[in-house]
Amino acid sequence: MFPPFISTLSPDELAVAIPLWLDLASVVVGSFSGLLYAQKRSLDLVGHIGLAIICGLGGGLIRDTIMQVGDVYMLNSPWAIWLCVVTACAGFFFPGLMTHFPHLLEWVDILAVSLFAAAGTDKAIMYDLGLAQVLLMGTMTGVGGGMMRDVFLGEVPHIFQSSNFYAVCAIAGSAAYWASVSAGIAKTWAVVICVVVTVGLRRWSLINNVYTPSDVNLAPKVKRFFKRKDS
């Protein structure tokens, strides 16, 4: 007999959406990340609401636009947009609630990435996409909102810059969710695994100061290698 969080069903039989409360929780966490950026930039109420919607729903919108199957989540859900607005207003009118936690933005941001990566991966699995497509949808859902946020703020998207692992974490989390569901683990626990992998990898890169490489040029090394072989 399998434990209650393990299922003997195949991935096709497991094609049911992750729990609604968990889905909406990811929207709230993503919106929270947006309002923290809005506070950091001293934006007005419209700015708070705009960034909350972008960070809370932007990744899912990119995913749904690319997939062109099923529904557009932000338009179909009766709660999603309202949750973003309420979260933004709460942060705008009661900013002091967040000032006591200096590292809150860092934690909320990567937590949002992990939850969205799970949601995006789940939808791709439900529509029987291949592994590469599943990982792409999971990653884009995870980092899409943050990418749109940076564009709206006039910055180079964070995922395109050399930095501690960020998009890499979304890829790893998406892969962990896919592997968990494929192994027959119930989706709620697969989300937990995705969050642990994503947040854990991010924290590891920050603690050990590990950066994604940039300005890589292997041509000289390849040239020297072939010169040694010819000599």
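**Group meeting talk: helix packing and salt bridges**

Buried here means under 20% relative accessible area, exposed means over 50%, and partly exposed is in between, with a 1.4 Å probe and protein chains only. Before I go on, this is a predicted model, where local features need pLDDT of at least 70 and side-chain atom pairs count only at pLDDT 80 or more, while totals for chains, interfaces and linings use all residues. Residues are numbered from 1 along each chain as its sequence is written, and side-chain values use heavy atoms, with hydrogens and water left out.

So where does Thr87 sit? You'll find Thr87 in helix α4. Helices (H or I, at least four residues) and strands (E, at least two) are DSSP runs, numbered from the N terminus. And which residues does Thr87 touch, leaving aside its neighbours within four places in sequence? They are Val28, Ser31, Phe32 and Leu35. Contact, by the way, means heavy atoms within 4.5 Å.

Those four partners turn up again in the packing of two helices. From α1, the residues Leu24, Val27, Val28, Ser31, Phe32, Leu35 and Gln39 meet Ala80, Leu83, Cys84, Thr87, Ala88 and Gly91 of α4. Sorted by class, that contact of α1 with α4 has nine nonpolar residues, four polar ones and no charged ones. For the classes, Ala, Val, Leu, Ile, Met, Phe, Trp, Tyr, Cys and Pro count as nonpolar, Asp, Glu, Lys and Arg as charged, and the others, Gly among them, as polar.

How do these two helices cross? Helix α1 (residues 20-40) and helix α4 (residues 80-93) have axes that come within 9 Å and cross at roughly 35°. The axes are lines fitted to C-alpha atoms, for helices over the stretch in contact, and the angles run from 0 to 180 degrees between N-to-C directions. The crossing of α1 and α4 is right-handed. A crossing gets that label if the near helix is turned clockwise from the far one by less than a right angle, and left-handed if anticlockwise.

Okay, let's zoom out for a second. The chain has nine helices and zero strands. Of its 231 residues, 43% are buried. Take the contacts with a separation of 6 or more: 78% of them are between residues 24 or more positions apart.

Now for another helix pair. Helix α2 (residues 45-67) packs against helix α5 (residues 104-126) at an angle of about 20°, and their axes are 11 Å apart. That makes α2 roughly parallel to α5. The rule is that angles under 35 degrees count as roughly parallel, over 145 as roughly antiparallel, 65 to 115 as roughly perpendicular, and the rest as oblique. α2 passes α5 in a right-handed crossing, too.

Who meets whom there? On the α2 side we have Cys55, Gly56, Arg63, Asp64 and Met67, and on the α5 side Phe116, Ala119, Gly120, Lys123 and Ala124. The residues of this contact of α2 with α5 divide into five nonpolar, two polar and three charged.

That brings me to charge. Side chains of opposite charge can pair when their charged atoms come close. A salt bridge is a side-chain nitrogen of Lys or Arg within 4 Å of a carboxyl oxygen of Asp or Glu. By this rule the model has seven salt bridges.

One of them joins Lys123 and Asp64, with the closest N and O atoms 2.7 Å apart. Lys123 is in helix α5 and Asp64 in helix α2, so this pair ties together parts 59 residues apart in sequence. Are these two buried or exposed? Both Lys123 and Asp64 are buried.

Next, Asp122 with Lys187: their closest N and O atoms are 2.6 Å apart. Asp122 lies in helix α5 and Lys187 in helix α8, so the pair ties together parts 65 residues apart in sequence. Asp122 counts as buried at 3% relative accessibility, and Lys187 counts as buried at 7%.

My last pair is Glu106 and Arg203, a salt bridge whose closest N and O atoms are 2.1 Å apart. This one links distant parts of the chain, Glu106 in helix α5 and Arg203 in helix α8 (residues 187-207), 97 residues apart. Glu106 is partly exposed, with a relative accessible area of 29%, and Arg203 is partly exposed at 23%.
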